[in-house]
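I opened my notebook to work through this one slowly, entry by entry. Have the picture beside you as you read.

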Amino acid sequence: MAKSSSTMPYCIEHKRELNDVEREILYYLVRDSGLHEYESQIQELKIIARCGCGSCPTVLFGNTFESKPAEPSSDLARYMGMSSNGTTVGIALMGTETKLTELEAWSCCGGEFDTWPDISTFVNMNNLHT
Ligand SMILES: [Zn+2]
């Protein structure tokens, strides 16, 4: 996501169920990072908003479609991946102490991408960030 833009909203309303790819990524991230306490809520999560840039795959979660993406959250896990067009993508799973709130992706080198990298390209970066 383009955090440098001052005119871009942080997120825009976008309500739908998670798709198979998003669920698969969430299960992979919580299992690979040992965040097992979050695993049971994945099947209940709804997508309530997407990144304000409108093109990257970053999505925000809520328990219901009425949830507001307002709670402060922090990085639970960080990964890198490679999108199908060769763009290196940073991936962060964000949440509060009890809830997953956001699955964020950003371009590490300025390349464009609009889909999640394949899980087979994921590299765990948790140990490289404090
Ligand atoms: Zn974005």
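**Entry 1: ground rules.** I started with pairing: two strands pair if DSSP finds at least two bridges between them. Strands (E, at least two residues) and helices (H or I, at least four) are DSSP runs, numbered from the N terminus. I also noted that residues are numbered from 1 along each chain as its sequence is written. This is a predicted model, where local features need pLDDT of at least 70, side-chain atom pairs count only at pLDDT 80 or more, and totals for chains, interfaces and linings use all residues.

**Entry 2: confidence.** I looked up pLDDT, the predictor's confidence in each residue, from 0 to 100. Its mean over the chain is 91, and 93% of the residues reach 70 or more. Among the elements, α1 has the highest confidence, at 98, while β6 has the lowest, at a mean of 95.

**Entry 3: the overall plan.** I found 1 helix and 7 strands in the chain. Along the sequence they follow the pattern β-α-β-β-β-β-β-β. The radius of gyration (taken over C-alpha atoms) is 14 Å, close to the 14 Å of the globule rule for 130 residues, so the chain is as compact as a globular protein of that length. That rule is 2.2 Å times the number of residues to the power 0.38. I also noted the box that the C-alpha atoms fill, roughly 35 × 35 × 30 Å along the principal axes.

**Entry 4: the sheet.** In what order do the strands of the open sheet lie? I read β1-β2-β3-β6-β5-β4-β7, with antiparallel pairing. β1 (11–17) and β7 (123–124) are at the edges with a single partner strand each, so one side of each has no neighbour in the sheet. A reminder to myself: strands of a sheet pair through backbone hydrogen bonds, either parallel or antiparallel.

**Entry 5: walking across the sheet.** I began at β1, which is joined to β2 by 5 bridges. There I12 has R50 as its bridge partner in β2. Next, 4 bridges join β2 to β3, and A49 stands opposite L60 of β3. From β3 (residues 59–62) to β6 (residues 100–107) I found 2 bridges, again antiparallel. V59 has L103 as its bridge partner in β6.

**Entry 6: two hairpins.** I moved on to β5 and β6, which are joined by 7 bridges and form a hairpin with 4 residues between them. G95 has L100 as its partner in β6. How many bridges pair β4 and β5? I found 8, in the antiparallel sense. G81 stands opposite V89 in β5, and M82 has T88 as its bridge partner there. β4 and β5 also form a hairpin, with 5 residues between them, and G86 in the turn has a positive phi of about 90°.

Entry 7: I then turned to α1 (residues 20–32), which lies across β3, β4 (74–82), β5 (88–95), β6 and β7. Its direction is at about 100° to β6. Such angles run from 0 to 180 degrees between N-to-C directions, with axes fitted to C-alpha atoms, for helices over the stretch in contact.

**Entry 8: the inside.** A residue is buried if 20 or more other C-beta atoms (placed from the backbone) lie within 10 Å of its own, exposed if 12 or fewer, and partly exposed in between. By that rule, 27% of the 130 residues are buried. A nonpolar core is a set of buried Ala, Val, Leu, Ile, Met, Phe, Trp, Tyr and Cys residues joined through C-beta atoms within 7 Å. The largest one has 24 residues, of which L26, L29, F61 and L93 touch the most other members. Two or more residues of this core come from each of α1, β2 (46–51), β3, β4, β5 and β6.

Leaving aside neighbours within four places in sequence, L93 is in contact with L29, L76, A77, L100 and L103.

**Entry 9: a loop residue.** Is H36 buried or exposed? H36, in the loop between α1 and β2, is exposed, with 9 other C-beta atoms within 10 Å. I also checked H36 against R16: they are 20 residues apart in sequence and 24 Å apart in space, C-alpha to C-alpha.

How values were computed. Contact = placed C-beta atoms within 7 Å.
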